[in-house]
Amino acid sequence: MTGTLLVKPRIRPRVAVVLVYTAAMCMNGLDSTIVNPALFTIAEDFGRPVSAANTVETAFLVALALALPVAGWLGDRFGTKRVFLLALAAFTAASAVCGLAPDLTTLVVARAAQGLAGGLLTPVGMTLLFRAFPPEERVRLSKVLIVPTALMPALGPPLGGFLTEHLSWHWLFFVNVPVGAGAVLLGAVALREPAVGSVDPVASDASDASDAPDASEGESDSGGRFDHVGFWLATPALGLLTYALGFGPSHGWGRPSVAVSAVAGVVLLVAAVTHQLRSPDPLLKLRLLGDRVYGAASALALFSAAGLMGVLFVFPLLYQAALGASALDAGLSVFPEALGLMLASQAVDRLLPRLGPRRLAVPTLLLAAGVFAALAVPGVAENAWAVRALMFAVGLVLGTAVLTIQIAGFEDISPADMGQAMGLFQIVRTLGGAVGIAACAAVIGGHGTGVSDPGPYRVAVLVTSGLVGVGAVVAARLPRVVAGPPGPP
């Protein structure tokens, strides 16, 4: 009887993967947009111009890009569980430092540390998740994937505005600490290292799964020889390009630091691609993009991320600068999108097995482009209920497309290549988001009008509509049917 009482309750490994992944990715996804409504307040608190406060976001994106090239290799080499939990612990600690920052410099440095850890979290976390579930069961993961990849970025602006207005901007970062600490503890106890060569047998729901040995206790050799040349080409290339995209619109593309970063980034990127294609053991397996489905899904990830991040960036600014709204009002203007995204997760679960990726993604992307364009119609932004209805529609149709792309894109990727494929996919999606934000900022700044003129903001919204529309053309390359019927619940 005593021995029975001492038995610790067990959490099934696949349940643990879902719980820890969702918690970590919610933190990472939320942090990509939660600071946007607070930039004016942060600038005022530190006595700095808004352009200087924008460095907080640019530092996060640049650091995120720097970590992405090595995420797949690190996960395969040292174990996805170990790398994921270390990155999650670092992200949580950096969040606490951000909240305690006494000056803008400390905030920017801590935000960069968040970005480095976040750049590892998403691809390694999705590798853990996708190795635990075979392709035929991933359709049912839509309810999990929608939360961090689309729902959290949509919730970021309203939550950021609420915390800034009713507490302080410091709480934008403090909210991560208890969630991150709990996820690290749960992951250390319940996660198991998935097998690299096949779908994780340890992550099954068998009664003895939690007694299986943890592969992360020793280093894995599956990562192969580290590609030093690829690292020194790809990492600075992504960092420089993200820096140029972040600062070019506000500081001017002709500014020496921006121009040099853009040119050097392009040159290094070309050299990196050439090297990766020739190397027998590359840091990034660019050959994966040759797969018809995965290549199309990666291109779609770029365009959909550019459109989504662009509109989430420009619309709160339209509300604050052009319409004189508060930070909370600006955040609430995009909140209905989150409700649409929740419904999208239900729609994909039911429609994807019936319609197939192509017939589901193409019309939803076209509808999303039309909804984005409707947001730019004069008079719509000034009508609160029109904005709410259109933002709900954005979440529903674009969320359906994003989930379809994510699930269908990895059907033909083997578990051994999953880490590399996830890292590459996240690189493309991150650059797409940076491109979308930079394009909107360039349109706004290029008009040279006052911040109270809504015209440039509407043009920027039309740009995001065009980006999503291009994605609809690419979606024609997706397969007609999913890999197989959904497995049993």
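Visitor: Where does T33 lie, and between which helices?

Guide: In this predicted model, T33 lies in the loop that runs between helix 2 (13-31) and helix 3 (39-46).

Visitor: Is T33 buried or exposed there?

Guide: Burial is read from the relative accessible area, and a residue counts as buried when that value is under 20%. T33 has a relative accessible area of 0%, so T33 is buried. T33 and M152, although 119 residues apart in sequence, are 8.4 Å apart in space, taken from C-alpha to C-alpha.

Visitor: Why does the span of helix 16 agree with its number of residues?

Guide: Helix 16 (residues 357-375) has 19 residues, which at 1.5 Å a residue should span 27 Å, and because its end C-alpha atoms are 27 Å apart, the two values agree.

Visitor: Which residues of helix 16 are buried, and where around the axis are they?

Guide: The buried residues are P357, L360, A361, T364, L365, A368, A369, V371, F372 and L375. They cover an arc of only 165 degrees around the axis, and therefore they lie on the same side of helix 16. The face turned away from that buried side carries the exposed residues R359 and L366.

Visitor: Which residues does T404 touch, leaving aside those up to four places away in sequence?

Guide: T404, which lies in helix 17 (residues 384-409), touches V348, L352, P357, L360 and A361, and P357, L360 and A361 are among the buried residues of helix 16. T404 is itself buried, with a relative accessible area of 0%, and its side chain reaches the backbone oxygen of T400 at 2.7 Å.

Terms used
Residues are numbered from 1 along each chain as its sequence is written. This is a predicted model: local features need pLDDT of at least 70, side-chain atom pairs count only at pLDDT 80 or more; totals for chains, interfaces and linings use all residues. Side-chain values use heavy atoms; hydrogens and water are left out. Helices (H or I, at least four residues) and strands (E, at least two) are DSSP runs, numbered from the N terminus. The expected span of a helix is 1.5 Å times one less than its number of residues. Buried means under 20% relative accessible area, exposed over 50%, partly exposed in between (1.4 Å probe, protein chains only). The arc is that of the directions from the helix axis to the C-beta atoms. A polar contact is a pair of N or O atoms within 3.5 Å; within protein, one must be able to donate a hydrogen and the other to accept it, and residues adjacent in sequence count only if both atoms are side-chain atoms. Contact means heavy atoms within 4.5 Å.
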